[in-house]
Amino acid sequence: MILLASLAMAGPWTKPSGSHYVKLGADWYHTTRYVLPDEGSGLGSTGDFATQGFFGHQYSVYGELGISKNLPVQIAARIPLTYAVVRFAAEDTNREVSGKAHTVRWGDMELTPQVALSKKKPLAVGVTFKLPLYSVDKICEGSVWQDFCGRPGDGQTDITPYFNAGGGILNGKGWVEALVGWRFRTELFRNWDTERTLRDGLVFGGVVGFKLGRFLPMLRADGILTVPAKYLAERIGDPLRF
């Protein structure tokens with residue numbers, strides 16, 4: 001598992017010119033197993049060894065700024081700092097070694113320009129650029145245990161155009177949002193020579209929230225649906241079957 005920054009969901013209420021919003025965020029991740037494909041260290045896939053757990057932290061700054069006086073246009077950005085701990089047990093030619101690897105790196109920055117489709121209704125389109133602020137090949141560089149060092153992300157650029165819509169519920173005491181888009185996995189890796197291939201996919205997300213005095217509790221869900229390459233190859237000549 002790696003630390004993955006989700007799509008920076010700005011919401012369909014696009015900021016007017018000069019308006020801004022800033023927040024700090026924190027995420028924690030825990031799994032009982034860390035699996036990563038073989039990257040050439042000689043150890044093979046980490047899935048072949050007794051990785052004993054993964055615990056990751058991610059702390060981020062997120063902001064939005066309105067930049068247009070006519071049709072609302074805003075720029076949103078998210079910058080995360082990641083910290084990961086991987087516990088492992090592996091065997092070299094002479095002995096079995098166990099331990100844990102710590103990594104601290106800037107993660108995947110997300111930059112999102114967004115344009116309102118209406119001045120009265122919360123409808124918007126935008127595109128998110130995911131830009132790695134780290135080099136995968138520099139993480140634990142020179143260590144034979146490099147494959148066990150937690151990574152902030154996949155080290156490449158994503159481009160995700162999307163449509164976002166929302167509205168109020170319960171006489172203004174709550175709200176809902178929904179997003180749908182398509183994530184293009186460019187495979188443009190930063191300073192990393194790898195043959196890894198990634199799949200494009202449909203991204204979707206939703207939020208429901210309520211106003212409770214000074215608090216705004218909300219429930220959010222995000223997902224991505226990818227289509228196997230074999231499935232596409234079998235149906236590319238017959239759109240009706242797809």
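Reader: In what order do the elements of the protein run from the N terminus on?
Author: This predicted model has 1 helix and 10 strands. Read from the N terminus on, the order of these elements is β-β-β-β-β-β-β-β-β-β-α.

Reader: What share of the contacts with a separation of 6 or more is accounted for by residues 24 or more positions apart?
Author: A contact here requires heavy atoms within 4.5 Å, and the share in question concerns contacts in the protein with a separation of 6 or more. Among those contacts, residues 24 or more positions apart account for 63%.

Reader: How many bridges join S8 to strand S9, and which residue stands opposite Val180?
Author: Strand S8 covers residues 174-189, and strand S9 covers residues 201-210. The two run antiparallel and are joined by 10 bridges. Within S9, the residue that stands opposite Val180 is Phe204.

Reader: Where in S7 is the bridge partner of Val125?
Author: Strand S6, residues 123-132, pairs in the antiparallel sense with strand S5, residues 108-116, over 7 bridges, with Ala116 opposite Ala124 and a hairpin of 6 residues joining S5 to S6. S6 also pairs with S7, again in the antiparallel sense, over 8 bridges. In that pairing of S6 and S7, the bridge partner of Val125 is Phe163.

Reader: Which elements give two or more residues to the lining of the largest cavity?
Author: The structure holds 1 cavity of 30 Å³ or more, and the volume of the largest cavity is about 30 Å³. Of the 10 residues that line this cavity, Thr82, Ala84, Thr103, Gly150 and Pro152 are the closest to its centre. The elements that give two or more residues to the lining are strand S3 (73-91) and strand S4 (96-106).

Reader: How many residues of that lining are charged?
Author: The lining of the largest cavity divides by residue class, with 5 residues nonpolar and 3 polar. The charged residues of the lining number 2.

Reader: What percentage of the accessible surface belongs to carbon and sulfur atoms?
Author: Of the 242 residues in the protein, 40% are buried, a term that calls for under 20% relative accessible area. The accessible surface of the protein comes to about 13800 Å², and the part that belongs to carbon and sulfur atoms is 60%.

Definitions and conventions: Residues are numbered from 1 along each chain as its sequence is written. This is a predicted model: local features need pLDDT of at least 70, side-chain atom pairs count only at pLDDT 80 or more; totals for chains, interfaces and linings use all residues. Side-chain values use heavy atoms; hydrogens and water are left out. On a 1 Å grid over the protein atoms alone, a cavity is a set of points where a 1.4 Å probe fits but cannot get out, and a pocket is an open set with protein on both sides within 12 Å along at least five of seven lines; lining residues have an atom within 4 Å of a point. Grid points are joined across faces, edges and corners, and a volume is the space filled by probe spheres set on the points. Helices (H or I, at least four residues) and strands (E, at least two) are DSSP runs, numbered from the N terminus. Ala, Val, Leu, Ile, Met, Phe, Trp, Tyr, Cys and Pro count as nonpolar, Asp, Glu, Lys and Arg as charged, and the others, Gly among them, as polar. Buried means under 20% relative accessible area, exposed over 50%, partly exposed in between (1.4 Å probe, protein chains only). Accessible areas come from the Shrake-Rupley method with a 1.4 Å probe; for residues, only the protein chains shown count as cover. Two strands pair if DSSP finds at least two bridges between them.
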